[in-house]
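This report goes through a surface patch, a helix and several charged pairs. Look at the sequence and the model first, then read on.

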Amino acid sequence: MPSRDALPHDALTDVAGLRVGHARVPGPGALSGTTVVLAPEGGAVAAVDVRGGGPGTRETDALDPRNLVQRIDAVVLTGGSAYGLDAAAGVMAWLEEQGRGVRVGPNPAHVVPVVPAACVFDLGRGGDFKARPDASTGRAAVEAAAASGLHARVETGAVGAGTGAVVGGLKGGVGTASTVLESGVTVAALVVVNAVGSAVDPETGVPYGAFFTPGVRPSYPDPAVHAAALRRLADARAKSAPPPLNTTLAVVATDAALTRAQAQKLAGTAHDGIARAVRPVHLLNDGDTVFALATGERELSPTPGPLALNEVLAAGADTVTRAVVQAVLTPSAGISGAGGDFPAYQELYGAASDGWPSGSTPGIPKGVDGFS
């Protein structure tokens, strides 16, 4: 069984060499931002699997195992819909200054950084439709990642690309999780949850992902608290126009040595983690996208074979599920304004103990929900 005891932060940065940085769009009418996952020097093997019917992406074709690019230096997750993909230009500029990218000439400075990116729809959520990430936002996020240090704690909730995120009428955001397998391989995930589907079971008030967290028996909120939460959420939805486009983004990573084809399989199975925690998913107005990164610091298994990848695939889906739950539980406050009324889960059900029997949280392991 996977063990979480050795993990310093239960975060994507538990995969050695990976760093995470966030930046927010400034301004009173802005509610958007960008998150950058920065690979170690030399890059990481990467792949992608896009399952939403309305994706907004950049450089994803370069990750096809049949194509030339072998490694990438950063992944950009951003708000601002397709406009926000401009954030990747700021990341590229910073990487070029560091001499990082695909070398295309005799001069070491002649590089072309490959920076895949994907976006969520949050246009106008803060009231200003034109307040969205650009190249300066991307540069700020990658600089924050570079300055964070190795194995740094990852800020979650309403930060970066999750600043204006909403899921099923609730405040969404950024979440992260990690695990160490018996083989010693680390598998981790970071998600941005901004979905039309719900992350919470309407019958119980328990996040869907809690039912699929290994070794956890979900607990349930007090019925009166749950009834009040349903009324509050219904009122909020009545005041808010339904968002036309929605997306859950994820980066799942491992320190195992994977081929590009194996990384693509990991990206695909990681979508199962989203499907366990958000319902429905992969609709025509979703842009659900998962990137997979492999740093290659460890052998895949002490006993190599065609099935050695299986435990990494299973762990990838599990960590994505836990990260989605964290993204929903972490925000302590919702957002309410010109862009709509979106309460936070904590506001409806309380934090560590309020509204939960015996001081319990909704079946989430210690450290995952940000309260314990």
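A nonpolar patch is built from residues with over 30% relative accessible area and no salt bridge, and nonpolar side chains are joined within 5 Å. The model shown here is predicted.

**A nonpolar patch**

V102, V104 and V112 make up a nonpolar patch on the surface. Together these residues have about 220 Å² of accessible area. V112 sits in strand β7, which covers residues 111-112. V112 has a relative accessible area of 38%, and is partly exposed. Partly exposed is the class between buried, under 20%, and exposed, over 50%.

**Helix α5**

Helix α5 runs over residues 310-329 and has 20 residues. From its first C-alpha to its last, helix α5 reaches 29 Å, close to the 28 Å expected at 1.5 Å a residue. How many of the 20 residues of α5 are buried? The number is 16, and α5 is mostly covered.

**Salt bridges**

Side chains of opposite charge can pair when their charged atoms come close. The structure holds 10 salt bridges. The table gives some of them.

| Pair | N to O distance |
|---|---|
| R322 and D10 | 3.1 Å |
| E97 and R139 | 2.7 Å |
| R298 and D255 | 3.5 Å |

R322 lies in helix α5 and D10 in the segment before β1 (19-24), so the pair ties together parts that are 312 residues apart in sequence. Are the two partners buried or exposed? R322 is buried, with a relative accessible area of 6%, and D10 is buried too, at 7%.

The salt bridge between E97 and R139 has its closest N and O atoms 2.7 Å apart. This pair links distant parts of the chain, with E97 in helix α1 (residues 87-97) and R139 in helix α2 (residues 135-147), 42 residues apart. R139 counts as partly exposed, at 26% relative accessibility.

R298 and D255 form a salt bridge with closest N and O atoms 3.5 Å apart. This pair also links distant parts of the chain: R298 is in strand β14 (residues 289-298) and D255 in strand β13 (residues 247-256), 43 residues apart. R298 is partly exposed, with a relative accessible area of 39%, whereas D255 is buried, at 7%.

Key:
Residues are numbered from 1 along each chain as its sequence is written. This is a predicted model: local features need pLDDT of at least 70, side-chain atom pairs count only at pLDDT 80 or more; totals for chains, interfaces and linings use all residues. Side-chain values use heavy atoms; hydrogens and water are left out. Patches are made of residues with over 30% relative accessible area and no salt bridge: like charges are joined within 9 Å, nonpolar side chains (Val, Leu, Ile, Met, Phe, Trp, Tyr) within 5 Å. Accessible areas come from the Shrake-Rupley method with a 1.4 Å probe; for residues, only the protein chains shown count as cover. A salt bridge is a side-chain nitrogen of Lys or Arg within 4 Å of a carboxyl oxygen of Asp or Glu. Helices (H or I, at least four residues) and strands (E, at least two) are DSSP runs, numbered from the N terminus. Buried means under 20% relative accessible area, exposed over 50%, partly exposed in between (1.4 Å probe, protein chains only). The expected span of a helix is 1.5 Å times one less than its number of residues.
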